[in-house]
Amino acid sequence: MKPIISTNNLTKKYKDDIALNHLNLEINKGEIFGFLGHNGAGKTTTVSILTTLIAPTSGAASICGYDTQTEGLEVQKRIGYLPENVKFYDNLTVYENLEYLAKLSGTDNPKGKIDEALKFIDFTGYENKKLGEFSKGMRQRIGIAQAILHDPEVLFLDEPTSGLDPMGIKKLREIIIKLNKEKGMTIFMNTHLLSEVAKTCTTIGVLNHGNLIYLDSLENTMKKFKDESSLEEIYFSMENK
Amino acid sequence: MNQIVTIAKKEFKDAIRNKVFLTFLIFLLGLTAISIYVGSVNYQAKVSLFEKTYAQLIVNGQPSDTLVKPEFFPLQLLRATIEYLEIIGAILAISLGYLSIAKEKGNGTLPLIFTRPISRKKYYIGKMLGNIALIVSISVILFLFTFLLIRFVGGVNLNSLEITKILLTTGATILYLFIFFSLSALFTIIVKHPSNALIFSFVIWLFFVLIVPQIGDTMDTDNQVPGGFFNAIHVNKEQSNIILKDFSTYEKLRNGTEEISITKHYERLVFAFLGIKDMYNNKFLGFIFKDKLQDLDLIVIFLLVFGITPVYAFNRSKNLWQQNE
C-alpha cells in the first residue's frame, strides 16, 4: 500500500539551526499518527512543511502522492489543518467564518457542509454567535469544523488539546476518533501529551532535536517496551537512547 | 474568480463592522456637512445683503448699475471637503491598508487560509478589491452627500457639466485614497512588526500630505499676501507670468518640491475640476484635462507603482506568519 504521507530526507534549517534533520516518514491511509516530542523538537516545522505553509531547505514530502512544494494546490485540496491556538475572525459569526473558509476551500455546498461539520462536532445552535464569545475548548471544536469542511483525506492537528480543560480534552479526543472511524480520515497529530497518544493514536513517532528517533505502531511499542510501566517511561527511555 | 469575490466580500464586511473605520467616516461626513453649510449660508448672506442694498438704492433713487451681484460657483463649496479628504481621507485609507494586513498577521489567521487551495496573489487581489469597493463606497457616499447638501441646503440646482465634474472628482478621490491604502498595505506586508508599518505609513503621510505641500505653498510668491501677492499690487496674470520668468530657477525648485507629493497632484487636478482655481472656473473638460494632464499622468504612475508592488510583496513575503517553531 502506498503511504498517504511520505517524507524523504526532509530537512529544514533556520540560519545555523537545524529544525528538522533528514526526516524519513511513511504514514498509511487510515492511521492516527501521534508525533511526539518536546517543545522545539521540530514537530510544528514538520506540519508546516506538510501543510505547504513553509518550504523545506532540502528533501521532499508528499501527501496523497502530490509533492508539497511543486503540487501545493493539489495537496491543499486534500488536507485539513488545525493550528495550535487556532485564530478566527472575531468580528464575524461562527457561520460567517465557516462559510468564508468553506468557499476558499472550493466547497460546492457550503451551507450543507457547515451544517454537517457543526453537527459532527456537536455544535449546532451557535451559528450566529460571534467567535469572540467562545471558550478555548469551543474554539478548538470550531477549529476542527473548519478543517473538515471540504472532507479532507488527511487532517493535521497541531497540539489540539493544548490549554484545554479535562472535559474539553475528552470531547476533542472523541471527535478525533470519530473522524477517523466514520470519515476514514488519516490524522497526523502533534502532541507532547503522552496520555493522548495512548488513548487516540495507532502509530507513534518521536522527534528529538529535529531527528526522528522512533517510529512504530502503538501496539508494537507497548510490546517492545514491556518492561516499562507506562508510556511516559517508554518515551523517556527512547529520548535517552 | 469565486475565491477572489469571497475574499473581497469578507474584507468589505469586516471593515464596515470596524468601529475605528466608522468613526473616521462619520467624522469626515460631519466636517463636510459643516463646511458646505457654512459656505451656503455665507453665500446666501451675501445675496441677501446685495438684494437689500439694491432695494435701498432704488428707494433712494440712486444709480444701482455699479452694484455687482455676487457670483456663486457652487462647486467651490467643495474646497474644504477636498482638503479634509487630502488629510483625513488619507489617514482613513492608511488605516484600511494597515488593518487589512496587520489584523491577519497579528491574529495568526493566515495559516488557516494558506493551507487551502488559494494562491497568495489571488488572496491579496481579493483583499485589494474588497478595499477598493470600500473606498468607492466612501467616495460615492461623501460626494453624494455634498451634492445633496448643495442642492437642499445651498438651494442650487447643479447643471450636467457640474455634475460631471463632481463625478470626475469622485474618481480622482478613489485613485488618491487607493494609493494611500496600497502604500500602507505594502509597508505592513514587508515589515516584520505591523506597528512599525503604521509608523512608516504615517511618516510618509506627514511628509507627502502635510510637509511637502506646505513647503510648496509657503514658497509660492502669490501666497505671500492674502488674496494673492500680484493681485494686491494690481498685477494681472499675464504680467505676473512675465515677472516670474526672472525667477524661473526658484519657481522650478518650488514646483519640483510639489511634484513629489501625490497630494499636490490630486489637489491640482480636483481644484481644476471644481473651478477652485479661478482660471478653471466654468471651463470645459477638454481644457482642464489638457492643462492638468501631467498631474493625471503622475497620479496614474503612483497608482501603478503602489497598486502592483504590494501584490508581488505579498507573494514573496516571509513575514506573514511565524515560520519557525
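This is a predicted model: local features need pLDDT of at least 70, side-chain atom pairs count only at pLDDT 80 or more; totals for chains, interfaces and linings use all residues.
**Notebook: core and A–B interface**

I looked up the largest nonpolar core first: of its 149 residues, F156(A), F188(A) and Y123(B) touch the most other members. A nonpolar core here is a set of buried Ala, Val, Leu, Ile, Met, Phe, Trp, Tyr and Cys residues joined through side-chain atoms within 4.5 Å; buried means under 20% relative accessible area with a 1.4 Å probe, protein chains only. Helix α6 (residues 160-190) of chain B gives the most to this core, 14 residues.

Residues are numbered from 1 along each chain, chains are lettered from A, and side-chain values use heavy atoms, without hydrogens and water.

I then checked F188(A). Leaving out residues up to four places away in sequence, its contacts (heavy atoms within 4.5 Å) include I5(A), L25(A), F33(A) and F156(A).

Next I turned to the interface. Chain A puts 34 residues into the contact and chain B 25. Together they bury about 2,700 Å², 58% of it on carbon and sulfur atoms. Buried area is the accessible area (1.4 Å probe) that two parts lose on being put together, summed over both.

I found two salt bridges between the chains, a salt bridge being a side-chain nitrogen of Lys or Arg within 4 Å of a carboxyl oxygen of Asp or Glu. One salt bridge joins K13(B) to E96(A), with the closest N and O atoms 3.6 Å apart.

Methods. Buried means under 20% relative accessible area, exposed over 50%, partly exposed in between (1.4 Å probe, protein chains only). Helices (H or I, at least four residues) and strands (E, at least two) are DSSP runs, numbered from the N terminus.
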